[in-house]
Amino acid sequence: MRYNFSLIFICFLSISGLKAQSIQLLQTGKDTSLRGLSVVDDSVVWVSGSKGWTAISNDGGKNWDWKQIKGYENLDFRDIEGFSAGKAIMVSSGTPAVILLTIDGGQSWKEVYRNESKDIFLDGMDFWDAEKGIIYGDPINGQMVLLETRDGGMSWQNISVQNKISLVAGEASFAASGTNIRTGKGGKVWIATGGIQSRIFRSDDYGLNWEAIQLPIIQGKSSTGPFSIAFYKNKTGVAAGGDFLSDTSRLNNLVLTINGGRAWMKPQNTLFGYRSAIEYLSKNELLACGPKGTDRSVDGGKTWVQLSDLGFHTVRKAKSGDLVLLTGGNGRIAIYHD
């Protein structure tokens, strides 16, 4: 879903009565908005963003190798999936829809998918393992766009017909942080839609069959709904968002599930404004970020404290390890210290 907003950044915070947490700025000043973030482990990190920019760090974010990919300077790569220091895949939003693959640490990129349709808009991507992955996009003629790979991203097939549940007019998704899609063990996958209607689309068999559950989060306008979802071991999950045109509003911007997304409930207190990304750091600790702040929960999302008015597009924890990074506008990259 297409939208624009600006972010405000600050670089340090502490909370009285709690162990001090801090967000340390690592990079800034690059003319790109970074919405793609993949933390492979405590050393290897990939980012992607607007104007064809991408970067890799091999030392936990201390140093970065930046590249503006020739021929793709006008594209916005809003999601990236890193597998190692050598391999990564990134996907652009808007027309044309492009998927690029590198196997040499970002020194060269191969185009493995292109769609020139004026209606195409890819929103996010996730992988079950090194071979099987899925990408989704805004609906075309009421049908959610779905692409799958079974060969590690070398080729992509359109499997949209497998989801037979139509989206209503004005229901789409938000390419805010690449986290409105999440995969889980055993072939599980969840996708969040928003706008006029908010739902969770879930599959237990790698996207072959789907069901849709109404999501009791703010909805009804093109700017409202879930902008990020996250799951912990398939059962426990969260959906965060709000209204990006009213980014300080706390109205109905977070819901929780304990049964894999089949039913949702509201927390005891909610996020401190619109949030574009949410991430589990452990079963009980979560971070959420948006244009007007970064929030933390230590009880599984039931209650929240605002750490700071430091804002970012996305936050991700290492797939293997403890490293937690955040990215945002103006090439901003930061590390979270607990």
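Predicted model: local features only at pLDDT ≥ 70, side-chain atom pairs only at ≥ 80, totals over all residues.
The chain contains 28 strands and zero helices. Its radius of gyration is 18 Å, close to the 20 Å that the globule rule gives for 338 residues, so the chain is as compact as a globular protein of that length. The C-alpha trace spans about 50 × 45 × 35 Å along its principal axes. Of the 338 residues, 62% are buried. Among contacts with a separation of 6 or more, 52% join residues 24 or more positions apart.

Charged side chains were also counted. There are 36 positive and 33 negative side chains. The centres of these two sets lie 4 Å apart.

In soluble globular proteins, nonpolar side chains tend to be buried together. Here, the largest nonpolar core has 15 residues. Those with the most contacts inside this core are Ile89, Ile99, Leu122, Ile135, Leu147 and Trp156. Two or more core residues come from each of strand E7 (88–93), strand E8 (97–102), strand E9 (110–115), strand E10 (122–127) and strand E12 (143–149).

Ile135 illustrates the packing. With neighbours within four places in sequence left aside, Ile135 is in contact with Val91, Ile99, Leu122, Gly124, Met125, Val145, Leu146, Leu147 and Trp156. Ile99, Leu122, Leu147 and Trp156 are, like Ile135, among the residues with the most contacts inside the core.

Terms used
Residues numbered from 1 in each chain as written. Heavy atoms only, no water. Helix = DSSP H or I, 4+ residues; strand = E, 2+ residues; numbered from the N terminus. Rg over C-alpha atoms; globule rule 2.2 N^0.38 Å. Buried < 20%, exposed > 50% of the residue type's maximum accessible area, 1.4 Å probe, protein only. Contact = heavy atoms within 4.5 Å. Lys, Arg positive; Asp, Glu negative; His and termini not counted. Charge placed at Lys NZ, Arg CZ, Asp CG, Glu CD. Core = buried A, V, L, I, M, F, W, Y, C linked by side-chain atoms within 4.5 Å.
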